[in-house]
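Work through the exercises below with the sequence and the model side by side, and try each task before reading its solution.

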Amino acid sequence: MQQTLANLGWRSTFQQQLSLNELETGIPARIIAQHRSEYVLQSKQGEIHLPILSSMPQLAVGDWLLLDQHQQFVRELERFSLFSRKAAGHKNALQLIAANVDTALIVSSLNHNFNLNRLERYLALAHEAQVEPLVVLSKADLCPNPEDYVQQVQKLDRRLVVEAINGLDTQSVNKLRPWCGVGQTLALLGSSGVGKSTLVNTLLGQATQHTGAISAEQDKGRHTTTARSLLAIPMGALLLDTPGMRELQLSDCEAGVAATFADISEWAQHCRFVDCEHESEPGCAVQAAIQAGDLELRRLQNYRKLQREQAHNAASLAEKHATDKRFGRLIKSIQKAQHQEKHRY
Ligand SMILES: Nc1nc2c(ncn2[C@@H]2O[C@H](COP(=O)(O)OP(=O)(O)O)[C@@H](O)[C@H]2O)c(=O)[nH]1
Ligand SMILES: [Mg+2]
Ligand SMILES: [Zn+2]
């Protein structure tokens, strides 16, 4: 299937990274799936299978690469967003989950599961990744007052976009069209049962089974080993669906948490003490905002909780690394002792 680069999400920020020579002879290609020993890329020329070499940098689904005319890896192009997580066991090791995502659909359902704290957690993940969040409130058809919930979410951040939908209904899902155009890359976040798969199926619709653009769900079933993580939807966008997205945790998300609670940081600048903990200090502007009804106590509490959580997760990964290293040294010293033992005679 012939692809245009624009359909694959190519844009000027990538184009500008190429020299004239590279523009002429190089092949830009996007990673649409990652397997143990190879990446599957999509380019203007079609699909390319690129063996993973130890000399290559760490890459993720969604990344853009430059290949030479023999389809050999030249380099990766700078990404504009990245979902990653700290990997246990290696110092500063990051596990890259998804690159160059434009919009994170943060799905939350309009039933007893609706939870602002949880939404703020996903917002922090999106902000950390530098991905624009779009809050999708699903199961609106089961809720007598979806607008009330939209208002509640809107109150978290006036710039936030919030849409209430029925994920089973194509007409309703069409509300998401402005974010689903050609060249856009979407990822879904949200806890189990909120309707992510339902939304994906409705977005994919029937049409994809025939377009075969990047992948059809159908293909996924037929040859599971070649499952694609970037799926083209009829509206034009690419849907990024990797297992890693479902397991994202808050860890080393300080910037993401800060961005999600920017209002609190702003108030905090007006506290009398620089190191104000916003508990019972005199002249605390954050407590004043709560008294004035401008800030929910719940939100301040969740801010603290998420701050602690991301710091704790980051620290426990660091600790695990230290333990692994100590264990590694122990093994080495035993091996050395055994070696010396063996060679004594
Ligand atoms: N009425 C209604 N049911 C929905 C909606 N979205 C999902 N569901 C149902 O909720 C259940 C869980 O949805 P699913 O997509 O599997 O959630 P996931 O775990 O987030 O992928 C399924 O029974 C869906 O049919 C919706 O917008 N309206
Ligand atoms: Mg699902
Ligand atoms: Zn304060």
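The model is predicted, so local features need pLDDT of at least 70 and side-chain atom pairs count only at pLDDT 80 or more, while totals for chains, interfaces and linings use all residues. Residues are numbered from 1 along each chain as its sequence is written, and chains are lettered from A and ligands numbered from 1 in the order in which they are written.

**Exercise 1.** Describe the residues that surround ligand 1.

Solution. Take as near each residue whose C-beta atom, placed from the backbone, lies within 6 Å of the ligand. This gives 15 residues, and the closest are Gly167, Gly195, Lys196, Ser197 and Thr198. Next, assign them to elements: helix α6 (residues 196-204) supplies the largest share, 3 residues, where helices are DSSP runs of H or I with at least four residues and strands are E runs of at least two, numbered from the N terminus.

**Exercise 2.** Characterise the pairing of strands β2 and β3.

Solution. Strands pair if DSSP finds at least two bridges between them; here 6 bridges join β2 (residues 38-43) to β3 (residues 46-51), and the two run antiparallel.

**Exercise 3.** Locate the largest nonpolar core.

Solution. Collect buried Ala, Val, Leu, Ile, Met, Phe, Trp, Tyr and Cys residues joined through C-beta atoms within 7 Å, buried meaning 20 or more other C-beta atoms within 10 Å of a residue's own. The largest such core has 70 residues, with Ala98, Ile106 and Leu189 having the most contacts inside it. Helix α3 (residues 116-128) gives the most to this core, 6 residues.

Note on methods: A residue is buried if 20 or more other C-beta atoms lie within 10 Å of its own, exposed if 12 or fewer, and partly exposed in between; C-beta atoms are placed from the backbone.
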